[in-house]
Amino acid sequence: VQVQQIPRKDFLEQFWDYRPGEHVNIISPTGAGKSFLTAQLLGQTLAKYPDLDVAWQCPKPNDPAMDAWGQALQLREVDSWPPRYWPWQSHAAGHILWPKHIVDDETRNRAHIAETFRAQMNHAYWHGHSITVADDCYLTGVIYGLNTELDRHWIAGRSNKAGLWTTLQKPSGTVQGAVSSFAYDAPTHMFFGRDSDERNLKRISEISISALDPEEIKSLVRHLPVHRIGDDTVSDMLYVDRRGPYLAQIQA
Ligand SMILES: Nc1ncnc2c1ncn2[C@@H]1O[C@H](COP(=O)(O)OP(=O)(O)OP(=O)(O)O)[C@@H](O)[C@H]1O
Ligand SMILES: [Mg+2]
């Protein structure tokens, strides 16, 4: 198949057509630009739907660029859920939910992070008109044990307009576990960065999209161009919009 190449800016401004409740999944190895793209897509989406209730979960103890993205998107960083407000404080349009890690007790740490994210996901699911960003959803689903919450969003969130946006480094999963197959079947919008791991490519190629041959998807993802930016290898992204299906290569 011929895949049209679209500069990032044009894609964001002219072609990104998100409707509340739709799910998004961005998949690539570390450092390829998943969180960066998430921030760009959120910026466009919030410009169109400013009253969407956004919560961006950060399960990692550190993520250097997060502060800048939060500021650009006017999301308030909080470490607990529900977020605390003084009576005179105006409510932010959305939040970055970054629980503090308990470094000396991993059992308590996992329970604490799981509980914080679970509370936010319950809120987003039942109230709807929301976007939950489960950045690095392998951590959320497998390490923090919230696969059930992720699945509920993927399966039933759309009718409540509760969108789930995920990023994922390792689609094949690991011996510890994996997120469920709904991660591939439920999202309307999928983005793939360059990957050369055969097990990852196999999982990616199994996304069931009529008119798309698994071998073609593999070959496209394997050969996506990458760019050295600082210490990172940032990738062009293969975009799949299930509504067509439409395919495009989004330049970094
Ligand atoms: N399209 C781009 N143009 C310029 N810089 C980019 C682009 N995409 C990503 N970067 C930069 O590359 C670095 C890595 O990007 P990012 O943190 O988004 O990767 P990631 O895929 O989320 O990684 P991880 O899986 O480890 O979370 C960041 O410093 C980011 O600012
Ligand atoms: Mg990231």
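Me: What makes α2 stand out in the shell around ligand 1?

Reply: α2 gives the most to that shell, with three residues. This is a predicted model, where local features need pLDDT of at least 70, side-chain atom pairs count only at pLDDT 80 or more, and totals for chains, interfaces and linings use all residues. Residues are numbered from 1 along each chain as written, chains are lettered from A and ligands numbered from 1 in written order, and side-chain values use heavy atoms, without hydrogens and water.

Me: Why is α2 (34–48) called a helix?

Reply: Helices are DSSP runs of H or I with at least four residues, and strands are runs of E with at least two, so α2 carries a helix label. α2 (34–48) and β10 (232–235) each supply at least two shell residues.

Me: How do you know that S35 has a polar contact with ligand 1?

Reply: A backbone N or O atom of S35 lies 2.9 Å from a ligand oxygen. A polar contact is a pair of N or O atoms within 3.5 Å, so this pair counts. G33 has such a backbone atom at 3.0 Å, and A32 at 3.3 Å.

Me: Why is H23 called buried?

Reply: Its relative accessible area is 1%. Buried means under 20% (exposed is over 50%, partly exposed in between; 1.4 Å probe, protein chains only), so H23 is buried.

Me: Where is H23, and what does its side chain reach?

Reply: H23 is in the loop between α1 (8–15) and β2 (24–27). Its side chain reaches the backbone oxygen of W154 at 3.4 Å. The backbone oxygen of H153 lies 3.0 Å from a polar atom of that side chain.

Methods: Polar contact = N/O pair within 3.5 Å; in protein donor to acceptor, adjacent residues only side chain to side chain.
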